[in-house]
Amino acid sequence: MRLPAGGRIDRNAPLTFSVDGVTHTGYRGDTLASAMLAHGVLAGPSIHFGRPRGIVAAGVEEPNALVQVGPEPMLPATTVELTDGLDARTLAGRGRLVAPNDGYYDKTHAHCDVLVVGGGRAGLAAAVEAGRSGARVVLADEQPELGGSLLSAPDTWEWLDTVVAELASFPETRVLTRATVFGYYDHNYLSIAQRRPGGGRLWHVRAGRVVLATGAHERPLVFAGNDRPGVMLAGAVRTYLNRYAVRPGQRAVVCTTNDSAYATALDLLESGAEVLVADVRPEPPALAGVVASAGGSVRSGTVVAGTDGTPRVASVLLRGPDGRTETVHCDLVAVSGGWNPVVHLHSQAGGTLRYDESLAAFVPDASRQACVSVGSANGELDPVHALWTVPAEDGAWDTHFVDPQRDATVADVLRATGAGMRSAEHVKRYTTIGTAHDQGKTGGVATLGVLAEALGAGTPGPTTFRPPYTPVPFALLAGRDRGALHDPARVTPIHSWHVARGAQFENVGQWRRPWYYPLPGETMTEAVLRECRAAREGVGVQDASTLGKIELVGPDAGEFLNRMYTNAFAKLPVGTARYGMMCTADGMVFDDGVVLRLARDRYLATTTTGNAAAVLDHFEEWLQTEWPDLRVYCTSVTEQWATIAVVGPLSGRVVGALGAELPPSFMSFVDTTVRGVPARIARISFSGELAYEVNVAGWHGLAVWEAVMAAGEEFGITPYGTETMHVLRAEKGYPIVGQDTDGTVTPLDLGMDWIVSKRKSFVGRRSLRRPDTARPDRKQLVGLLPVDPDALLPEGAQLVAPGTPLDPPVPMIGHVTSSYRSAALGRTFALALLRSGRDRLGQVVHAPLSDRTIEATVTEPVFYDPEGTRRDG
Amino acid sequence: MTDELPRSPLAGVTFAAPFVRELPFLAMVDLRAASFPHPLPGPNRVGSVEGRDVLWLGPDEWLVVGPPGDAPAIETLLRQGIGDGHGSVVDVSANRTTLSVAGPHARDVLAKGCSIDLHPSVFAPGHCAQTLLARAQVILRQVDAEPTYHVLVRGSFAPYLAEWLADATREFG
Amino acid sequence: MHPDWLWRNPSPKWSYDVVIVGAGGHGLATAYYLAREHGITNVVVLEKGWLAGGNMARNTTIIRSNYLWDESAAIYEHAMKLWEGLSDELDYDILFSQRGVLNLAHTLGDVREGVRRVNANRLNGVDAEWLTPEQVAEFCPIVDVSPDVRYPVLGATLQPRGGIAKHDHVAWAYARAADRLGVDLVQGCEVTGFVRDGDRVVGVNTSRGPIRAGAVALASAGHSSVLASLAGLRLPIQSHPLQALVSELLEPVHPCVVMSNHVHVYVSQAHKGELVLGAGIDPFNSYAQRGSVHVVEHQLAAALELFPVFGHAHVLRTWAGIVDTSPDASPIVGPTPVPGLYVNCGWGTGGFKATPASGWVYAHTIAHGEPHELNRPFGLDRFTTGALVDEHGAAAVAH
Amino acid sequence: MLLIPCPWCGPRDEVEFSYGGAADVAYPPDPDALSDAEWGEYVFVRDNPRGPFAERWVHTAGCRRWFRAVRDTATHEFLEAP
């Protein structure tokens with residue numbers, strides 16, 4: 001019931017809320033749990049046995065009262081701030097996902113000299129001390145207001161106000177409330193989940209030092225029927241009384257192993273409740289007299305041995321020092337089995353724990369990082385009389401709950417040890433104890449105690465604590481990296497034109513590249529055939545700006561390229577270009593591209609779109625770590641240049657119309673101007689056609705592209721995308737790294753012996769003569785022409801020899817890497833990696849698919865203009 | 001002279017937050033050299049050569065920044081400085097664009113995506129760093145104590161970063 | 001005897017025919033098959049911690065056999081067939097649920113690779129289908145297949161026989177079965193060195209004293225390099241953290257297993273109701289069973305892109321295993337240049353699904369002194385000859 | 001999120017770096033002189049100790065310098081300034 005006065009609730013701000021469809025009222029400052037308790041609302045039933053359950057705790061350690069609040073699947077009611085209109089549903093152990101999370105969750109970084117975790121007495125003292133020194137301080141506390149357990153002790157509130165005010169006066173102290181430090185990672189990096197209106201914020205803090213003032217969690221006692229509603233933690237009862245002005249019962253039995261519960265007894269008495277203290281210790285403490293003089297009674301050497309009542313506790317069975325039992329009527333059982341210092345963060349940080357006999361609990365031992373535990377978290381607590389289990393009168397153990405959320409009892413622990421398990425980890429896994437939403441915050445140590453008793457051993461070591469300390473929403477960890485912000489979409493300077501033209505895009509690495517440009521009503525196949533035809537017969541244009549570009553400068557640049565590429569570049573004449581290929585150390589194709597020699601000591605290497613960063617890293621790695629003596633500097637200029645490939649027999653007329661000087665021959669380039677803009681124009685062809693690559697500064701890219709389009713209009717210039725590029729190059733048998741190779745293919749496998757220098761060393765060369773790599777029957781790149789010229793082999797189709805029975809496992813001899821319809825050939829064609837492929841030229845292979853088999857003839861991989869006459873127009 | 005106006009990677013982008021704006025077309029020249037006749041700034045600092053800002057990028061790498069159109073002059077200047085020595089001068093003006101984030105919210109905005117400590121006792125006017133802002137590599141420099149920061153970002157990443165900034169500045173109007 | 005009796009906790013004898021180092025899934029399965037298939041029961045499995053407490057306790061329990069290369073498909077499919085009879089064979093419900101595994105494709109390259117793998121799988125006798133985005137949505141309705149996301153789902157491979165099992169049950173089932181066949185399972189016993197007779201390994205030194213052995217078989221995953229180095233053997237193995245996490249218990253929402261190599265997310269919903277998610281490996285070498293939080297953040301951003309309905313779920317617990325990665329993302333199973341010493345490692349992120357076959361071929365190898373046909377391609381010699389079984393292309397981060 | 005000591009830029013968050021594995025593995029001066037086994041050892045085999053480990057990082061998002069650091073693989077602590 002709600003007390004008529006007191007507490008930190010705002011009685012001028014009444015709030016309406018509902019639980020399971022029943023409407024109640026509470027106040028601002030309530031938690032859902034305190035408001036439920038004020039109205040006697042129970043938690044949901046237990047997950048397996050459907051036993052009635054009540055609220056046990058007042059904080060994150062609550063094992064029972066899990067609720068679904070709207071789309072939020074599982075929240076302890078003790079951590080839900082009451083708001084007007086809040087609609088909660090009690091849960092029986094499982095939540096429900098119903099809708100996306102539209103909340104706004106962002107992240108930020110913070111740095112400080114001292115991070116203080118926990119704003120209770122010890123944390124406040126540490127923060128004030130650090131703040132006074134002028135240090136940069138972050139104080140984080142999970143509650144809406146600072147104070148921690150002081151919020152349950154009205155006689156401290158004046159001090160609390162003073163301290164909070166002083167903290168606010170420090171310019172370099174930042175106080176975060178509703179902020180749970182949930183993870184303590186390497187190198188003093190901590191993560192904080194902060195609840196904010198409409199979402200939350202994830203703080204990443206790099207702290208010089210960390211003060212862990214995380215307090216302690218009280219633990220229950222393990223007696224028969226200890227899960228009956230009305231059985232609560234003594235400290236929580238005190239919190240509800242003093243902070244929320246809610247008295248959970250009128251006739252209370254307080255059962256304790258230590259002094260701390262006497263404060264609860266006294267506060268209950270002051271609130272007008274009847275109180276009987278059952279103190280398990282044989283001798284009465286000094287506080288017993290205080291309780292007696294306040295009107296309560298205290299029995300020493302006495303335990304609660306059982307409970308009765310439906311659904312709430314109506315009586316307990318007390319067992320005295322002489323073993324005699326007595327039934328005592330009550331509607332509240334406040335228990336204290338002792339306190340567990342909250343050592344989670346200390347442990348996450350790599351710190352070790354030590355079992356403290358006087359506390360019957362684990363306390364921080366050595367720290368591995370720059371952190372210190374203070375106050376209750378460091379074991380500054382009342383000594384306890386260790387009591388792990390209270391036998392029932394009938395000897396049964398199946399209602400002695402150690403993990404009520406998992407409906408796990410002492411009987412379950414005994415079943416595990418009976419099965420031969422000795423390790424706490426095995427018992428935990430066998431019984432699921434400690435794996436529920438509360439992660440065993442109240443029951444964990446008790447379980448270890450029960451286990452130690454069962455094994456007749458000392459207390460086993462604790463389990464390791466892993467992040468997060470309390471559950472963290474997926475959405476908070478995901479943050480703003482969603483939708484368009486999920487991963488940068490890199491675009492070229494010409495991107496807006498492609499969009500306006502209705503291009504379909506494909507993702508290549510982080511880049512968005514035009515895939516094809518359908519006209520209204522056109523299918524992809526039709527569009528690509530049209531684009532191909534334009535490039536072969538007229539003029540096409542492609543935005544090739546995504547290719548990686550690296551300038552290499554220095555007298556040894558040629559020598560360096562010689563070592564990196566399979567072919568040689570040192571003697572490449574200035575003003576010319578050469579195609580090159582690179583391997584990894586194990587001899588497999590890594591990347592390819594064209595290298596231009598800009599000057600005696602200056603080269604420009606282009607890379608594939610997806611590998612630009614990897615190639616630069618690769619260059620730098622070899623330069624810096626293996627050959628620091630080579631005088632070469634690498635600079636990425638990928639975005640410096642927009643690259644426009646003008647392709648086709650009419651390309652020269654288009655580029656010529658731009659007023660530019662044209663390069664004299666295939667694989668040469670000139671530095672010139674296009675419409676007054678400095679440009680580098682190269683005769684490079686990835687299609688086999690006459691082609692010009694126009695390079696201008698990125699910020700001129702769009703204007704020059706538009707100029708090319710205007711100049712080409714009379715020739716029917718046709719923009720084309722990556723698909724057409726792939727068809728055109730495949731018709732010429734040019735492989736695409738990553739499509740026709742897969743990390744298991746050497747340049748020799750591609751039939752490119754001509755590109756593998758025999759006169760110089762290069763990275764990966766030695767690997768090419770290993771026994772397997774030099775095998776003659778390796779898979780080799782070949783062409784395939786389907787016997788039915790209209791049949792399109794699926795890319796990824798596997799190949800078998802004719803006559804192979806299709807009973808698995810079927811011996812496969814290769815697979816289709818690229819396959820297209822060709823406008824130029826008027827038929828389908830494909831590239832494939834085929835075992836002993838070059839020995840099979842002219843033979844037929846089969847591609848067995850799920851519904852049919854396609855036959856194809858093995859050919860040279862060059863289908864179009866094998867003499868190479870078209871590249872010169 | 002060019003008869004085409006250059007177009008920045010963020011042409012057409014407007015920033016809702018008044019304290020974010022683009023400074024397009026700044027001249028930028030990458031300098032690599034083991035030795036140089038003029039004093040160049042040390043790690044994480046900005047210096048100047050002949051009136052141009054020089055940002056330290058690495059132990060033998062600097063970025064020289066000047067007003068739009070200044071790149072040829074900077075290149076000449078740097079080439080003269082290198083002389084016969086081993087060095088590299090590469091015009092990278094169009095490689096990146098520059099965003100200015102200024103004023104009382106600047107630190108909080110940048111902190112959302114940048115893990116470097118921007119506290120004035122640690123990072124001050126005249127400091128620079130190559131780092132990550134959200135998921136984009138950037139060169140970050142503090143220009144004045146207001147504070148004003150310049151974020152130099154690759155052109156291809158600029159639309160992403162603009163979108164990220166629009167989101168990160170949301171709470172500051 | 002207790003009706004739920006699992007295993008004895010014997011003290012080690014002074015000598016065994018075979019000493020297996022590591023009581024994870026692979027070590028326990030090896031012991032079981034040595035006893036069951038080869039009649040070699042004088043076997044001890046030594047575990048420095050608690051039984052099945054390493055990667056076996058830390059993986060995301062995904063089982064599939066849809067590997068690209070013939071050699072991989074053969075060994076993983078052998079595992080799949082063993083999985084399908086395992087609850088019966090071991091008389092213990094391992095909660096094997098063949099709910100289907102989807103591998104999503106997000107780029108045209110993914111699509112090509114997926115189709116290639118489906119075709120190869122079928123011809124190898126591995127069930128495999130290619131699904132369109134619409135079929136993906138039908139099979140797993142909570143996957144966002146809209147084209148407007150950053151990396152749209154362009155299709156998926158489906159292995160209907162793939163699924164999940166309960167990892168602890170698998171370990172305990174093998175342990176119980178091996179124990180009943182006479183194998184000694186010794187926990188809390190760390191191998192600190194090898195007993196040599198000339199070149200030959202003839203036993204191990206342990207924290208509980210020396211133990212002689214006819215053969216010593218490492219089954220120690222991420223710790224393989226450290227142990228092998230005690231015998232002077234260098235392995236092409238690097239140890240990395242691999243992180244995973246679980247949510248709270250939720251009503252059924254996710255009917256199958258979804259994997260996305262491109263965005264590094266692997267998700268299923270376990271029998272009790274928690275979502276189980278795996279991430280990509282952390283890049284650096286580590287033995288700390290701890291990774292970096294940004295890996296988890298990235299993983300969850302990707303997960304929410306794929307599964308918007310997960311937005312309100314909570315991370316209850318994160319953890320990491322130590323995975324033993326090899327240069328070609330394929331295992332190393334076989335004899336070593338050190339007589340008497342065998343290795344079984346390099347399973348990387350794929351170890352759990354291989355458990356039965358790994359134990360099966362390893363037992364054969366130990367019993368016969370030479371590899372079974374299924375693990376012959378996975379010997380150490382391939383790093384000399386170059387005959388790698390490179391699964392990177394097919395499974396950059398295979399689970 | 002490791003805090004990695006870049007010798008040039010100072011300590012920075014791990015996400016700015018790429019990992020290069022074991023340090024101190026020199027490229028053989030004459031690969032052709034090596035046997036297949038020796039070459040395979042160079043290409044594929046690296047130390048993988050539990051404890052102090054000399055490794056390489058490159059400050060990808062920073063100065064792009066490769067550097068050597070010694071880190072304890074059991075604790076993740078960096079043991080020597082690079």
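Reader: Which residue forms a salt bridge with D:E41, and how far apart are the closest N and O atoms?

Author: Side chains of opposite charge can pair when their charged atoms come close. The rule used here calls it a salt bridge when a side-chain nitrogen of Lys or Arg lies within 4 Å of a carboxyl oxygen of Asp or Glu. In this predicted model, the partner of D:E41 is C:R234, with the closest N and O atoms 2.6 Å apart. As for conventions, residues are numbered from 1 along each chain as its sequence is written, chains are lettered from A and ligands numbered from 1 in the order in which they are written, and side-chain values use heavy atoms, with hydrogens and water left out. Because the model is predicted, local features need pLDDT of at least 70 and side-chain atom pairs count only at pLDDT 80 or more, whereas totals for chains, interfaces and linings use all residues.

Reader: What surrounds that pair, and how many residues of chain C are in contact with chain D?

Author: Contact is taken as heavy atoms within 4.5 Å, and by that criterion 22 residues of chain C are in contact with 23 residues of chain D. Buried area is the accessible area (1.4 Å probe) that two parts lose on being put together, summed over both; chain C and chain D bury about 2000 Å² between them, with 53% of it on carbon and sulfur atoms. On the side of chain C, the residues that lose the most area to chain D are C:R234, C:F284 and C:Y287, together 30% of what that side buries.

Reader: How many residue pairs are in polar contact across the interface of chain C and chain D?

Author: A polar contact is a pair of N or O atoms within 3.5 Å; within protein, one must be able to donate a hydrogen and the other to accept it, and residues adjacent in sequence count only if both atoms are side-chain atoms. The rule finds 16 such residue pairs between chain C and chain D, both residues being at pLDDT 80 or more. Helices (H or I, at least four residues) and strands (E, at least two) are DSSP runs, numbered from the N terminus, and α6 (224-230), β12, α7 and α9 of chain C each supply at least two residues of the side that touches chain D.

Reader: What does chain D itself look like, and what is its mean pLDDT?

Author: The score pLDDT is the predictor's confidence in each residue, from 0 to 100, and where it is low, the predicted coordinates should not be read in detail. For chain D the mean is 95, and 98% of its residues reach 70 or more; the model as a whole scores ipTM 0.96 and pTM 0.96. Chain D has 1 helix and 6 strands, which follow the pattern β-β-β-α-β-β-β along the sequence. Its C-alpha trace spans about 40 × 30 × 20 Å along the principal axes.

Reader: How many residues of chain C are in contact with chain A?

Author: Here 73 residues of chain C are in contact with 92 residues of chain A, and the area buried between the two chains is about 7100 Å², of which carbon and sulfur atoms give 57%. In chain C, the residues that lose the most area to chain A are C:L123, C:R150 and C:H312, together 12% of what that side buries. Across this interface the rule finds 8 salt bridges and 36 residue pairs in polar contact, both residues at pLDDT 80 or more. The side chains of A:R415 and C:D4 meet in a salt bridge, at 3.7 Å from N to O.

Reader: Which strand of chain A is joined to β16(C)?

Author: Two strands pair if DSSP finds at least two bridges between them. Strand β27 (residues 472-473) of chain A is joined to β16(C) by 2 bridges, and the strands run antiparallel, with A:V472 opposite C:V315.

Reader: Where is A:R178, and what is its phi?

Author: Most residues other than glycine have a negative phi, and most peptide bonds are trans. A:R178 lies in the loop between β8 and β9 of chain A, and its phi is near 50°, a positive value. A:R178 also forms a salt bridge with A:E81, the closest N and O atoms being 2.5 Å apart. As for peptide bonds, a cis one joins A:P467 and A:P468, with omega about -5°.
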